Amino acid sequence: MLQGKFIPTRRTPSISTSSIIERIVKGYRKHEFDKKLEKMGCAELIAQDSNYNDTVGRDDPGHDEQQRSR
């Protein structure tokens, strides 16, 4: 793997970068990558003490209140 090198990548039409990042963050918060990270020798990247609750959505009335309390 190249480290410290920028690799230009063509954008795929109809694939949103934001949705890809959202999927990665959600997977990380749900510990979906922990075993793979450990197997790759990157245990320091494991989502420790993540108790993220994604059941409250942006459209829910309590969402704004939950965000303010953090």
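The term salt bridge here means a side-chain nitrogen of Lys or Arg within 4 Å of a carboxyl oxygen of Asp or Glu. By that rule the count comes to one salt bridge.

Some ground rules. This is a predicted model, where local features need pLDDT of at least 70, side-chain atom pairs count only at pLDDT 80 or more, and totals for chains, interfaces and linings use all residues. Residues are numbered from 1 along each chain as its sequence is written, and side-chain values use heavy atoms, with hydrogens and water left out.

Back to the pair. K26 and E22 both sit in helix α1, four residues apart, about one turn of the helix. Helices here are DSSP runs (H or I, at least four residues; strands are E, at least two), numbered from the N terminus. Why does that spacing matter? An α-helix has 3.6 residues a turn, so residues three or four places apart point the same way. Side chains of opposite charge can pair when their charged atoms come close. K26 is partly exposed, at 34% relative accessible area. E22 is partly exposed too, at 39%. For the classes: buried is under 20% relative accessible area, exposed is over 50%, and partly exposed is in between (1.4 Å probe, protein chains only).

Now the helix itself. α1 has 13 residues. From first C-alpha to last it reaches 18 Å, close to the 18 Å expected at 1.5 Å a residue. That expected span is 1.5 Å times one less than the number of residues. At the start of α1, a side-chain oxygen of S16 comes to within 3.3 Å of the backbone nitrogen of S18.

Look at both flanks. S14 lies in the segment before α1. Its phi is near 70 degrees, a positive value in a residue other than glycine. S14 is exposed, with a relative accessible area of 76%. Just after α1, H31 takes a positive phi of about 65 degrees. H31 belongs to the loop between α1 and α2. At 32% relative accessibility, H31 counts as partly exposed.

What is A47 in contact with, leaving aside its neighbours within four places in sequence? The answer is Y28, H31 and D34. Contact means heavy atoms within 4.5 Å. A47 and H31 are 16 residues apart in sequence, yet 6.1 Å apart in space, C-alpha to C-alpha. A47 has its place in the loop between α2 (34-39) and α3 (63-68). It counts as buried, at 5% relative accessibility.

Y28 takes us to the surface. Y28 lies in helix α1, residues 17-29, and is partly exposed at 35% relative accessibility. With I15, I20, I21, I24, V25 and F33, Y28 forms a nonpolar patch of about 550 Å² of accessible area together. Patch members have over 30% relative accessible area and no salt bridge; like charges are joined within 9 Å, nonpolar side chains (Val, Leu, Ile, Met, Phe, Trp, Tyr) within 5 Å. Accessible areas come from the Shrake-Rupley method with a 1.4 Å probe; for residues, only the protein chains shown count as cover.

Last, the whole chain. It has three helices and zero strands, in the pattern α-α-α along the sequence. Buried residues make up 10% of the 70 residues. The accessible surface comes to about 6900 Å², and 52% of it belongs to carbon and sulfur atoms.

Note on methods: A polar contact is a pair of N or O atoms within 3.5 Å; within protein, one must be able to donate a hydrogen and the other to accept it, and residues adjacent in sequence count only if both atoms are side-chain atoms.
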